[in-house]
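This explanation leads the reader through one protein chain, from its overall make-up to selected details. Please keep the sequence and the structure in view while reading.

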Amino acid sequence: MDATVVAIAGDGDDSDRRRPLLAPTEEIHPYADSPSPQHPPLEAPAPPQAEQQRKPAQRLASLDVFRGFTVAMMILVDDAGGAWPGINHAPWFGVTVADFVMPAFLFIIGVSAALVFKKMPNKTGATKKAVVRVLKLFILGVILQGGYIHGRHDLTYGVDLDRIRWLGVLQRIAVGYFLAVMSEIWLVKNILVDSPVSFVKKYFMEWIMAIMITALYVALVYGLYVPNWEFKVQTSNSTLSFPGNSIEMKMIECGVRGSLGPPCNAVGLVDRVLLGENHLYKNPVYKRTKECSINSPDYGPLPPNAPDWCLAPFDPEGLLSTLMAAVTCFAGLHFGHVLIHCKNHSQRMLLWLLASTVLAISAFLVLLLGMPFSKPLYTVSYMLLTGGVSGFLLLLLYYIVDVIHIKKPFILFQWMGMNALIVYVLAACELFPTLIQGFYWRSPENNLVDVTESLLQAIFHSERWGTLVFVLLEIVFWCLAAGFLHMKGVYIKL
């Protein structure tokens, strides 16, 4: 979500200067014209003649491509996941393509934070600016995902403050960004990195912080006692004489510790106690499990004798899972630090490959120890797996785009990555299609968005394939829109 700039050596075109979306605007200069003694150059020092010419630095294009690809995947799985359940989120345990998207956001934010905050003449000023950006991001998330905007197919807006949803994707990004940036500002030692030992000393406290967050998560997930709990369900008791709804209380029997299932886990307990049932997500992913849907892994009617917890709220971006999700940002910080201090492509790629492999192997070791992959809980095994896969993806894109300079096939993703925030807000949060649907002919169904999707479904004689083509065209549209903004030098930031 934050556009990051870093100087690299090698052939290629210079790109326009701009600030990162979530970076301080005065103390931090991502386009550094010359390295400082405390921060060695990313490549071999340029000859004196080149330094005298003061050539503008180049962008690290693979970061924009990574960011743009992540936004495109979010649009794909959100808008086409209903028609193609195979690319939708796993109902509870396990992972699908969709489950790698959110961690990729957090991972690239960590990489970006390492690059942006590598020089801080004024730590207090950098902290204030970072906090302001975190608040902006959090408030924007509440507006977009708190229930105020009702989404496609609903031309109304407004939310009861007693039922507003406080947490969401942007709020999770804000928390992860905050913890990563505060660690980068206040925990990194101001020492020269000239050996592996000095590298470890410089960033050792950040690693300790990540380990402490993970230990706290594990302690709470397995140590908290989850008692029996109840929740409200609105039921219809309409009759011809007395139409209306009533509230029924459902009791969930738990009385356990260490459960990772949908009804009795500590992640849900923390949210119910600290946030309140009314402020949680009302359509959780476990409604697509076999216990809760006859169309599993898609949503559907409840099967006979479905457990009561199928109707209970649960927030997939809850407090405890968001705390664990922030560790993904710390993984990204490490990759950013390698990018800063290693002097050639081979060193960077080797260390990235090593780190990604360690994360992936550790994920399966934790899985064998009994903690399954689960995005709703953001388990440690899930964090390690998705962090490792994000590292492998960055390594691949870095090699293709910035080492062997094959950029043209990825130009659309690069454009989208340069304006990831506005594309996410307008497309992934469905703000733009909701606005377009507000203009219709005689009936709300006769709007440009729905008519176009229905036309493609008719052309392909398939609802699934028509929806997929519609979403792919939507992605191309936003890539081109982002490209237009780039050509105009417009970059939306917080």
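The chain has 15 helices and six strands; helices (H or I, at least four residues) and strands (E, at least two) are DSSP runs, numbered from the N terminus. The model is a predicted one, in which local features need pLDDT of at least 70 and side-chain atom pairs count only at pLDDT 80 or more, while totals for chains, interfaces and linings use all residues. Residues are numbered from 1 along each chain as its sequence is written, and side-chain values use heavy atoms, with hydrogens and water left out.

Of the 494 residues in the chain, 52% are buried. Buried means under 20% relative accessible area, exposed over 50%, and partly exposed in between (1.4 Å probe, protein chains only). Among contacts in the chain with a separation of 6 or more, 73% are between residues 24 or more positions apart; a contact means heavy atoms within 4.5 Å.

In soluble globular proteins, nonpolar side chains tend to be buried together. Here the largest nonpolar core holds 128 residues, of which Ile75, Phe117, Ile173 and Tyr424 touch the most other members. Its largest share, 13 residues, comes from helix α3 (residues 101-116). Such a core is a set of buried Ala, Val, Leu, Ile, Met, Phe, Trp, Tyr and Cys residues joined through side-chain atoms within 4.5 Å.

The buried residues are Ala266, Val267, Gly268, Leu269, Val270, Asp271 and Arg272. At the start of α7, a side-chain oxygen of asparagine 265 comes within 3.2 Å of the backbone nitrogen of valine 267. Just after the helix, glycine 276 has a positive phi of about 100°.

The loop between α7 (266-274) and α8 (319-341) contains glutamate 317. Is this residue, glutamate 317, buried or exposed? Glutamate 317 is buried, with a relative accessible area of 7%. Leaving aside residues up to four places away in sequence, glutamate 317 touches Arg165, Leu167, Gly168, Val169, Arg172, Thr322 and Lys375. Valine 169 is 148 residues from glutamate 317 in sequence, yet the two are 6.7 Å apart in space, C-alpha to C-alpha. The side chains of glutamate 317 and arginine 165 are joined by a polar contact of 2.7 Å. A polar contact is a pair of N or O atoms within 3.5 Å; within protein, one must be able to donate a hydrogen and the other to accept it, and residues adjacent in sequence count only if both atoms are side-chain atoms.

Histidine 341 lies in helix α8. Histidine 341 is buried, with a relative accessible area of 10%, and its side chain makes a polar contact of 2.7 Å with the side chain of tyrosine 203.

Most residues other than glycine have a negative phi, and most peptide bonds are trans. The peptide bond from serine 296 to proline 297 is cis, with omega near 15°, and proline 297 is in the loop between α7 and α8. Tyrosine 378 has a positive phi of about 50° although it is not a glycine. Tyrosine 378 is buried, with a relative accessible area of 0%, whereas histidine 461, whose phi is near 55°, is exposed at 74%.
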